Amino acid sequence: MEISEKAPAKLNFSLDTPFRHQNGEPEWKMVMIAVDLADYVHIQTLPNSHKITVSTDSGFLPSDQRNLAYQAAKMLRDKYQIKEGVAITIDKNIPVAAGMGGGSSDAAAVLRGLNKLWQLGLSREELAKIGLEIDSDVPFCIYSEPALVTGKGEIVTPIGPLPPLKIIIAKPRDSVSTPSILRKINYDKIKHQDVDAVVCAIKAQDYAAMVTKMGNTLEPITAGRHPEILKIKEKMLQFGCDAAQMSGSGPTVFGICQKASRAQHIYNSLRGFCKEVYIVSPYNLDQQTCF
């Protein structure tokens with residue numbers, strides 16, 4: 001049996017970490033969205049095998065137990081004592097090590113796909129709890145719709161569609177290690193974000209208020225190591241974005257505007273400064289729709 005799952009990229013419209021848990025993991029409070037830039041994950045169960053294999057068209061990804069999709073398949077299989085092998089093939093479109101959740105979304109796609117193939121009947125909440133054991137972004141990626149994400153990443157509360165907008169994404173050449181950025185957080189000095197205000201603005205479809213309140217607490221930390229982030233952000237604002245910021249732990253920067261024609265102009269202008277540039281729309285996986 002086989003199935004294909006879409007694995008959308010994620011962006012952080014607001015990212016804050018209120019405190020660090022005793023085990024060293026950050027507490028998160030974030031507004032996360034999915035976009036229509038996506039990997040495609042093809043999953044096949046192998047009744048006469050016990051192997052888990054991962055193949056991908058990207059030369060940058062491990063295909064063994066370091067791969068989050070591999071971990072997702074093994075975790076679900078072990079948890080429910082399934083005696084089948086799994087072959088996973090990933091068509092990569094999301095940039096690697098970009099702060100866009102590509103690996104986490106692939107893992108979430110495997111959990112969703114195997115839940116169907118093995119007829120486990122798990123809810124999104126149950127899959128999210130399993131996903132948290134793989135990576136803190138996996139629970140959101142199970143949902144892949146605009147949401148408030150809290151706790152260690154496992155509490156995902158959908159908040160409804162965004163106001164109409166277009167998103168321009170630029171991925172600098174640099175790659176960023178998320179653990180190294182998280183270790184640099186100084187909770188006495190970081191600037192916290194008003195995440196609730198972003199949630200309220202989205203629920204009210206108030207684009208102007210949302211633009212004013214967006215922000216990423218990790219941006220100054222990563223940008224201090226990778227100055228290209230601020231250069232791209234400045235260019236986005238200069239070319240006409242209403243807001244621009246880093247996503248996740250970076251280094252990807254995204255900007256938003258309301259009109260497709262302006263987004264195209266910004267895209268064309270950025271191509272001279274950055275090789276990897278995309279125009280995308282917000283996406284709701286549950287409804288299979290852009291908005």
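**Exercise 1. Classify Arg173 in this predicted model: is Arg173 buried or exposed? Then place Arg173 in the chain.**

Step 1. The relative accessibility of Arg173 is 70%.
Step 2. The cut-off for exposed is over 50%.
Step 3. Arg173 therefore counts as exposed.
Step 4. For its place, look between strand S7 (166–171) and helix H5 (178–183): Arg173 lies in that loop.
Step 5. Arg173 and Ala98 are 75 residues apart along the chain, and their C-alpha atoms are separated by 9.4 Å.

**Exercise 2. Find the salt-bridge partner of Glu5 and state what the pair ties together.**

Step 1. Start from the total: a search of the whole structure gives eleven salt bridges.
Step 2. One of them joins Glu5 to Lys116, with 2.6 Å between the closest N and O atoms.
Step 3. Locate both ends. Glu5 sits in strand S1 (residues 2–16), and Lys116 sits in helix H2 (residues 102–117), so the bridge ties together parts that are 111 residues apart in sequence.
Step 4. Check accessibility. Glu5 has a relative accessible area of 7% and is buried. Lys116 has 48% and is partly exposed.
Step 5. Arg112 joins Glu5 and Lys116 in a network of salt bridges.

**Exercise 3. Which parts of the chain does the salt bridge of Arg124 and Glu145 link?**

Step 1. Take the distance: 2.9 Å, N to O, for the bridge between the Arg124 and Glu145 side chains.
Step 2. Arg124 is in helix H3 (residues 124–132), while Glu145 is in the loop between helix H4 (138–143) and strand S5 (147–151).
Step 3. The two residues are 21 residues apart, and the pair links distant parts of the chain.
Step 4. Classify the ends. Arg124 is partly exposed at a relative accessible area of 30%. Glu145 is buried at 10%.
Step 5. Recall the background: side chains of opposite charge can pair when their charged atoms come close.

Conventions
Residues are numbered from 1 along each chain as its sequence is written. This is a predicted model: local features need pLDDT of at least 70, side-chain atom pairs count only at pLDDT 80 or more; totals for chains, interfaces and linings use all residues. Side-chain values use heavy atoms; hydrogens and water are left out. A salt bridge is a side-chain nitrogen of Lys or Arg within 4 Å of a carboxyl oxygen of Asp or Glu. Helices (H or I, at least four residues) and strands (E, at least two) are DSSP runs, numbered from the N terminus. Buried means under 20% relative accessible area, exposed over 50%, partly exposed in between (1.4 Å probe, protein chains only).
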